[in-house]
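My entries follow in the order in which I checked things.

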Amino acid sequence: MRVAFASDDENETTRAVLKALTDDGYEVIRPDGSPGWPDLGRFVGRAVVDGRADYGVVMCWTGTGTAIAANKVPGVRAALAWDPWIARGARLWNDANVLAMSLKRLAPDVAVEVLRAFLDTPEPDPEEAANIALIELPDDVLDDRIG
């Protein structure tokens, strides 16, 4: 399985996440160079949507900026998670395909737990299929549904 990974800084937390990915047997796809966090989020999002990666992981100081940037790519469902329950729920109930985490506020061991909870949840909950399908609808269709 391939995971696209990008972070706008390197520290003990990002190194722990990368080590966990390689130790767990994932092929890691990374961008060339070190562009800013908006480009990193888009790089990961495009890698997932284009099929170069099965999932994506983005990290920035809060995780929010890279999540927003990744979500600009049609077909990406990036979720910011800070604990394993949130990460697992993002996969189960939202079919998230990109995990966003803070590289400043998560301890390395917690970040690895969050990563593994996300990647170890292979399928969304079938009972959420209708709701997940609604995420892909254009805004004007959603507006017609709710008034």
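This is a predicted model: local features need pLDDT of at least 70, side-chain atom pairs count only at pLDDT 80 or more; totals for chains, interfaces and linings use all residues.

Residues are numbered from 1 along each chain as its sequence is written, and side-chain values use heavy atoms, with hydrogens and water left out.

**Entry: helix 2 and helix 3**

I took helix 2 as residues 37-49 and helix 3 as residues 64-71; their axes come within 7 Å and cross at roughly 50°. Axes here are lines fitted to C-alpha atoms, for helices over the stretch in contact, and angles run from 0 to 180 degrees between N-to-C directions. The crossing of helix 2 and helix 3 is right-handed, that is, the near helix is turned clockwise from the far one by less than a right angle, anticlockwise being left-handed. On the helix 2 side I listed Trp37, Pro38, Gly41 and Arg42, which meet Gly65, Thr66, Ala69 and Ala70 of helix 3. Contact means heavy atoms within 4.5 Å. Sorted by class, this contact of helix 2 with helix 3 has four nonpolar, three polar and one charged residues. For the classes, Ala, Val, Leu, Ile, Met, Phe, Trp, Tyr, Cys and Pro count as nonpolar, Asp, Glu, Lys and Arg as charged, and the others, Gly among them, as polar.

Two strands pair if DSSP finds at least two bridges between them.

I went through the pairs in sheet order. Strand 1 and strand 2 run parallel and are joined by three bridges, and Ala4 stands opposite Ile29 of strand 2. Between strand 1 (residues 2-7) and strand 3 I found five bridges, again parallel; Val3 has Tyr55 as its bridge partner in strand 3. Strand 3 also pairs with strand 5 (residues 98-102) over five bridges in the parallel sense, where Gly56 has Val98 as its partner. Strand 4 and strand 5 pair over three parallel bridges, with Ala78 opposite Val98.

**Entry: burial of the strands**

Is strand 3 enclosed or open? Six of the six residues of strand 3 (residues 55-60) are buried, so this strand is largely enclosed by the rest of the structure. Buried means under 20% relative accessible area, exposed over 50% and partly exposed in between (1.4 Å probe, protein chains only). Tyr55, Val57 and Met59 lie on one side of strand 3 and Gly56, Val58 and Cys60 on the other, and both faces are covered. For strand 1 I noted five of the six residues as buried, so strand 1 too is largely enclosed.

**Entry: helix 5 and its neighbours**

Helix 4 (residues 84-94) and helix 5 (residues 108-119) pack at about 20°, with axes 8 Å apart. They are therefore roughly parallel to each other. Pro84, Ala87, Arg88 and Arg91 of helix 4 make the contact with Glu113, Val114, Ala117 and Phe118 of helix 5.

Helix 1 (residues 12-23) packs on helix 5 at about 40°, with axes 8 Å apart, and passes helix 5 in a right-handed crossing. The residues in contact include Thr13 and Ala16 of helix 1 and Ala111 and Leu115 of helix 5. By class I recorded nine nonpolar, one polar and two charged residues for helix 1 with helix 5.

**Entry: two loop residues**

Leu106 is in the loop between strand 5 and helix 5 and is buried at a relative accessible area of 10%. Leaving out residues up to four places away in sequence, Leu106 touches Thr13, Ala81, Trp82, Met101 and Ala111. Asp95, in the loop between helix 4 and strand 5, has phi near 50°, a positive value in a residue other than glycine.

How values were computed: Helices (H or I, at least four residues) and strands (E, at least two) are DSSP runs, numbered from the N terminus. Angles under 35 degrees count as roughly parallel, over 145 as roughly antiparallel, 65 to 115 as roughly perpendicular and the rest as oblique.
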